Amino acid sequence: MNETKGLRMPRPRKLPARAQVVVMPMILSFLMSGIVSAISTLRVVGFAADTHWRILEAWSVSYVVAFPVALVVLPIVRRIVGLLVETHPLPQAPQGAGRPGRTPLAGQGMATAATPIACARPTQTSP
């Protein structure tokens, strides 16, 4: 039997919410520049012995450009999306439902699998 079963590793601390302004574009530009660099490098070079090094080289150059651009462009994109997409406030959990992000137990006033949440637009019925 495993003797370390009762021991738990401490969870790493999360960054404060205000860090989202920098962390979100950092991760987004990291992934997007990596994907685009890989695709464009593979199209030009193909599969060669040193392809992975060429992809990493292209990625490092493109990320240096992509991250600052994402910091500037993302707030503008959020405003444009706000103009195009109708937003509704999220329903508030009833008091005593637990910490945010946790699913409350059935019977605590929240919707369960047996009680679906109503759609945003009611369906039209014909007479």
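Tutor: Welcome! The protein has an accessible surface of about 12,000 Å², and 66% of that belongs to carbon and sulfur atoms. Such areas come from the Shrake-Rupley method with a 1.4 Å probe, and for residues only the protein chains shown count as cover. What you see is a predicted model, in which local features need pLDDT of at least 70 and side-chain atom pairs count only at pLDDT 80 or more, while totals for chains, interfaces and linings use all residues. Residues are numbered from 1 along each chain as its sequence is written, and side-chain values use heavy atoms, with hydrogens and water left out.

Student: How many helices and strands make up the secondary structure?

Tutor: Two helices and zero strands. Helices are DSSP runs of H or I with at least four residues, strands are runs of E with at least two, and both are numbered from the N terminus.

Student: Where does α2 bend, and by how much?

Tutor: At A70, by about 35 degrees. That value is the angle between two axes, one fitted to the seven residues ending at the residue and one to the seven starting there.

Student: Why is S33 called buried?

Tutor: Buried means under 20% relative accessible area, exposed means over 50%, and partly exposed lies in between (1.4 Å probe, protein chains only). S33 has 8% relative accessibility, so it counts as buried. Across the 127 residues of the protein, 12% are buried. In α1 the buried residues are P25, S29, S33, G34, S37 and T41, and α2 is part of what covers them.

Student: What does S33 touch, and what lies 2.6 Å from its side chain?

Tutor: Contact means heavy atoms within 4.5 Å. Leaving aside neighbours within four places in sequence, S33 is in contact with W59, S62, Y63 and A66. A polar atom of its side chain also lies 2.6 Å from the backbone oxygen of S29. For a polar contact, a pair of N or O atoms must lie within 3.5 Å; within protein, one must be able to donate a hydrogen and the other to accept it, and residues adjacent in sequence count only if both atoms are side-chain atoms.

Student: Why does T51 count as buried, and what does its side chain reach?

Tutor: T51 is in helix α2, and at 5% relative accessibility it counts as buried. Its side chain reaches the backbone oxygen of G46 at 3.0 Å. Beyond residues up to four places away in sequence, T51 touches L42, V45 and G46.

Student: What makes the pair of F30 and W59 tilted?

Tutor: Their centres are 4.9 Å apart and their planes stand at 40 degrees, so the pair is tilted. F30 lies in α1 and W59 in α2, so the pair ties together parts 29 residues apart in sequence. F30 is partly exposed, with a relative accessible area of 42%, and W59 is partly exposed too, at 22%.

Student: Why is the pair of F30 and Y63 called edge-to-face?

Tutor: The angle between the planes is 85 degrees, with 5.6 Å centre to centre. As Y63 lies in α2 and F30 in α1, this pair ties together parts 33 residues apart in sequence. Ring pairs link F30, W59, Y63 and F67 into a cluster.

Student: What else does W59 touch?

Tutor: Besides F30, W59 touches S33, G34 and S37, not counting residues up to four places away in sequence. The C-alpha atoms of W59 and S37 are separated by 5.4 Å, though these residues are 22 apart along the chain.

Conventions: Rings of Phe, Tyr and Trp (its six-membered ring) pair if their centres lie within 6.5 Å; planes under 30 degrees apart count as stacked, over 60 as edge-to-face and the rest as tilted.
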